[in-house]
Amino acid sequence: MGPENKDATFLQIQDVVKDFGGFKAVNHVSLDVAKGEIFALLGSSGCGKSTLLRMLAGFEKPTSGRIVLAGRDLATLPPYERPMNMMFQSYALFPHLTVWDNIAFGLRREGMPKARIAERVEAMLKLVQLERFAQRKPHQLSGGQQQRVALARSLAKQPQLLLLDEPLGALDKKLREQTQIELVNIIESVGVTCVMVTHDQEEAMTMASRIAIMSEGRFLQVGAPSEIYETPTSRFVADFIGNVNLMDGSVIVDEPDHVVIDCADCKHYVGHGITGTKGMAVSVALRPEKIHLSRRKPADEFNSVAGTIKELSYFGSFTVYHVQLASGAMLKVSLANIQRHRDDEFTWGDMVWAHWSRTAPVVLTQ
Ligand code: ATP
């Protein structure tokens, strides 16, 4: 592929189905991935993300549909002939080989000349900053370092497509956060296109340029992390990504520039991009951090509700308050702890008013 069409679609998944004896693990999925993109398949256990990744790798054959990489239909290519590499959660490093030999392994099998192998391995060690550890065995490395060796080994053959299966699943939380950024930097510096599978939303949000939310073999929504978080198109996605308050209601005002949604505890005035019809049943999604608390009744009759703080969870940088509303429903409100001590801190049993802006609610019809 020439530089002139660098941003063109590189990987195309066209209406792909994988049927296991009548059960569709992947159900009519289509997707275009651009060159250099890091794309994440995100979903809970059993949603079909691994099956889709395995079809890309060639370990499974689609029942129907096509997978095209750089203009080439992959159907006839066995896994070892595909210009891609898969990195597994367990790293699958050879325990008896040094870091150097682990990285060289695939190149030797390809019959690459010795001098070129050495050049390539050195370049990879430099890329993942493990030059000093070249002669160590995997068990003499930390989890994060083993992870980087696995990445170096996956990239050694210069694959066109890198497949990552739960890449950081084996690392603890703190190391995972640090490694996520390292991994993205390395992947971006080589410019390889990447499809990763994860059930960890933070991992997908931090690493991927776009995410597909999968459920029951289908894509529910595909978009940039911020798009999925701020503009979910269904209750499932709103609830799956991050924390959310979901309220059921119906449209009682439907004007070109706004709608009003009547819910059990409050009325939402929503001033952006809604096409509804009066009387239509909808849900309103409201993120906890978009809500403010005050002790006084807000002037606006819309987008506010009274309640009592029943619970609070302190997370250091923010606190989540559970506010019980008149209907008995709980509203989650997250406030940033920007001061060390406040005289007027909210606490258990306080009567409060929760309020939010006209751009905060997202109206969902499905
Ligand atoms: P996890 O995160 O647990 O790995 P997943 O989203 O990756 O889940 P898949 O492994 O793709 O899910 O499986 C999707 C569905 O297809 C599951 O219900 C699984 O039981 C089923 N499945 C996967 N492989 C096979 C197979 N070889 N034969 C029959 N059913 C299968």
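1. Strand S11 (residues 245–255) and strand S14 (residues 281–286) pair in the antiparallel sense over 6 bridges, where strands are DSSP runs of E with at least two residues, numbered from the N terminus, and two strands count as paired if DSSP finds at least two bridges between them. Within this pairing, Asn-245 has Leu-286 of S14 as its bridge partner. The model is a predicted one, in which local features need pLDDT of at least 70 and side-chain atom pairs count only at pLDDT 80 or more, whereas totals for chains, interfaces and linings use all residues. Residues are numbered from 1 along each chain as its sequence is written, and side-chain values use heavy atoms, with hydrogens and water left out.

2. Ser-250 has Asp-262 of S12 as its bridge partner. S12 in turn is linked to S13 by 4 antiparallel bridges, with Val-259 standing opposite Val-270 in S13.

3. These pairings belong to an open sheet of 5 strands in the order S13-S12-S11-S14-S20, with antiparallel pairing. Its edges are strand S13 (267–270) and strand S20 (362–364), each of which pairs on one side only. From one strand to the next the twist averages 40 degrees, axes being lines fitted to C-alpha atoms and angles running from 0 to 180 degrees between N-to-C directions.

4. Turning to helix H4 (residues 143–156), a DSSP run of H or I with at least four residues, its 14 residues should span 20 Å at 1.5 Å a residue, and its end C-alpha atoms are 20 Å apart, which agrees; the expected span is 1.5 Å times one less than the number of residues. Because 13 of its 14 residues are buried, H4 is largely enclosed by the rest of the structure, buried meaning under 20% relative accessible area with a 1.4 Å probe and protein chains only. H4 is followed by Gln-158, whose phi is positive, near 50 degrees.

5. The largest nonpolar core has 47 residues, and those with the most contacts inside it include Ile-103, Val-121, Leu-162 and Ile-187; such a core is a set of buried Ala, Val, Leu, Ile, Met, Phe, Trp, Tyr and Cys residues joined through side-chain atoms within 4.5 Å. H4 supplies the largest share of this core, 6 residues. A second, separate core of 29 residues includes Phe-10, Leu-53, Leu-69 and Met-214.

6. Leaving aside its neighbours within four places in sequence, Leu-162 is in contact (heavy atoms within 4.5 Å) with residues including Leu-151, Ser-154, Leu-155, Ile-187 and Val-192.

Note on methods:
Buried < 20%, exposed > 50% of the residue type's maximum accessible area, 1.4 Å probe, protein only.
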